Amino acid sequence: MTPPTARVHVPAGLRGYLLLAGLSLFWGISWPIMKVALSEIPPWNFRMISLSLGGVGVLAMARFGGHSLSVPRAQMGPLVLVALLNVTGWHLGSAHGLSLLMAGRAVIIGFTMPLWAALLSAVILKEPLTPRKNIGLLLGLTGLGILIYPDFGRLEAAPLGVLFMLGAGVSWAAGTVMLKRFTWSVPVIVLTGWQLALGSLPVVAGALLFEPAIDPGALSLQVVLAMVYVVAFPMWFCHWAWYSVVDIFPASIAAIGTLCIPVIGVISSILVLDEAMGLTEWSALVLVVISLTVVMMGQRIKKKTDGES
């Protein structure tokens with residue numbers, strides 16, 4: 001008789017680091033790919049398609065995985081709030097900002113999110129701004145500043161794009177902090193699916209009101225493949241991975257961990273869109289890697305049971 005296969009236990013801390021690495025890679029690469037999609041699909045329609053398919057897909061995965069999709073009535077209000085902040089605000093702001101800015105620069109501005117998350121966590125969650133966090137934030141944001149400073153004149157010429165991206169970053173930061181503020185009894189994958197589904201509703205309404213319907217037959221193969229990537233990786237995998245990371249790490253630490261994403265976004269934009277790269281980008285990369293090392297090393301990780309993931 002064959003003995004039952006033992007389930008491999010992955011410590012919460014290691015699992016969190018692996019998820020951060022995966023979502024950083026796939027989210028970073030998604031920025032030039034989204035820019036390709038936005039070349040033929042306007043922002044409201046782009047987000048309507050990606051968010052609605054994302055929500056349905058994640059909820060389907062949760063159901064096929066044996067999870068109930070029900071949410072206690074007392075948690076519906078907080079769920080709507082975090083969905084509006086994490087999904088509606090972030091995705092609408094970033095889509096409009098990305099349509100107006102270079103992909104590499106747009107991702108840098110959007111990922112000032114860790115700064116706002118750390119500050120909001122200190123106020124709302126009473127998470128202390130320790131010297132380690134402060135040093136990590138300073139190094140990481142210095143890296144972002146080095147990247148953005150040479151193109152400040154270009155950004156000044158497109159202030160609406162900058163405002164969209166900054167607003168998106170603040171909205172995502174607030175949603176991340178509020179996600180930690182409330183207690184949830186539903187699994188992370190169910191919470192992720194409902195956030196995408198509920199957050200997509202205002203986007204669907206906006207697409208119907210503000211933009212004409214797109215003709216799928218008129219889209220190029222390149223744009224269709226870009227949309228497939230956006231739905232499969234940023235929408236399905238990365239959202240599930242992000243909320244899992246937030247469930248494992250303190251909100252400010254999870255947010256600072258995303259500082260890799262703009263660096264990957266810049267490098268992938270160079271490869272995909274031929275955006276220029278020089279000493280400033282490499283200097284920023286070094287600073288961001290150092291900042292992640294300073295912040296992430298030696299953190300105490302909250303233990304999670306297998307049933308909660």
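Is Leu 287 buried or exposed in this structure? Leu 287 is buried, because its relative accessible area is 18%, and buried means under 20%. Keep in mind as you look around that this is a predicted model. Here is a friendly tour, from the whole chain down to single residues.

**The whole chain**

- The chain has 309 residues, and 50% of them count as buried.
- Take the contacts in the chain with a separation of 6 or more: residues 24 or more positions apart account for 92% of these.

- The average pLDDT of the protein chain is 83, and 84% of the residues score at least 70.
- Residues 1–8 have a pLDDT under 50, and the model gives this stretch 1 contact beyond four places in sequence.
- Residues 300–309 also have a pLDDT below 50, and here the model has 16 contacts beyond near neighbours in sequence.

**Helices α3 and α9**

- Helix α3 covers residues 76–100 and helix α9 covers residues 188–210; they pack at an angle of about 60°, with their axes 8 Å apart.
- The crossing of α3 and α9 is right-handed.
- On the α3 side, the residues making the contact include Leu 79, Val 80, Ala 83, Val 87 and Leu 92.
- On the α9 side, Leu 191, Trp 194, Leu 198, Pro 202 and Val 203 are among them.
- Sorted by class, the contact of α3 with α9 has 13 nonpolar residues, 5 polar residues and no charged ones.

**Helices α8 and α10**

- Helix α8 (residues 159–181) and helix α10 (residues 221–248) have axes that come within 10 Å and cross at roughly 50°.
- That angle makes α8 oblique to α10, and their crossing is right-handed.
- Trp 172, Thr 176, Leu 179 and Lys 180 from α8 meet Trp 242, Tyr 243, Val 246 and Asp 247 from α10.
- This contact of α8 with α10 divides into 5 nonpolar, 1 polar and 2 charged residues.

**Helices α4 and α12**

- Helix α12 spans residues 260–273, and its axis comes within 8 Å of the axis of α4, with a crossing of roughly 170°.
- Why does α4 count as roughly antiparallel to α12? Angles over 145 degrees fall in that class, and the two axes cross at roughly 170°, so α4 is roughly antiparallel to α12.
- From α4, the residues Ala 103, Gly 104, Arg 105, Val 107 and Ile 108 take part, meeting Ile 261, Pro 262, Gly 265, Val 266, Ser 269 and Leu 273 of α12.
- By class, the contact of α4 with α12 is made up of 7 nonpolar, 3 polar and 1 charged residues.

- Ile 108 sits in helix α4, which runs over residues 103–110. Its relative accessibility is 1%, so Ile 108 counts as buried.
- Ile 108 and Gly 145 are 37 residues apart along the chain, and their C-alpha atoms are separated by 8.7 Å.
- Leu 287, the residue from the opening question, belongs to helix α13 (residues 279–296).
- Which residues does Leu 287 touch, not counting those up to four places away in sequence? They are Leu 139, Thr 142, Gly 143 and Ile 146.
- Leu 287 and Leu 139 are 148 residues apart along the chain, while their C-alpha atoms are separated by 5.7 Å.
- Ser 99 lies in helix α3 and is partly exposed, because its relative accessible area is 34%.
- Leaving aside neighbours within four places in sequence, Ser 99 is in contact with Lys 35, Leu 38 and Pro 43.
- For Ser 99 and Leu 38, the C-alpha atoms are separated by 6.5 Å, although the two residues are 61 residues apart along the chain.
- Lys 126 is in the loop between α5 (113–125) and α6 (131–148). With a relative accessibility of 65%, Lys 126 counts as exposed.
- Lys 126 has a positive phi of about 60°, although it is not a glycine.

Definitions and conventions. Residues numbered from 1 in each chain as written. Predicted model: local features only at pLDDT ≥ 70, side-chain atom pairs only at ≥ 80, totals over all residues. Heavy atoms only, no water. Axes fitted to C-alpha atoms, helices over the stretch in contact; angles between N-to-C directions. Helix = DSSP H or I, 4+ residues; strand = E, 2+ residues; numbered from the N terminus. Parallel < 35°, antiparallel > 145°, perpendicular 65-115°, else oblique. Left-handed = near helix turned anticlockwise from the far one by under 90°. Contact = heavy atoms within 4.5 Å. Nonpolar A, V, L, I, M, F, W, Y, C, P; charged D, E, K, R; others polar. Buried < 20%, exposed > 50% of the residue type's maximum accessible area, 1.4 Å probe, protein only. pLDDT = per-residue confidence, 0-100.
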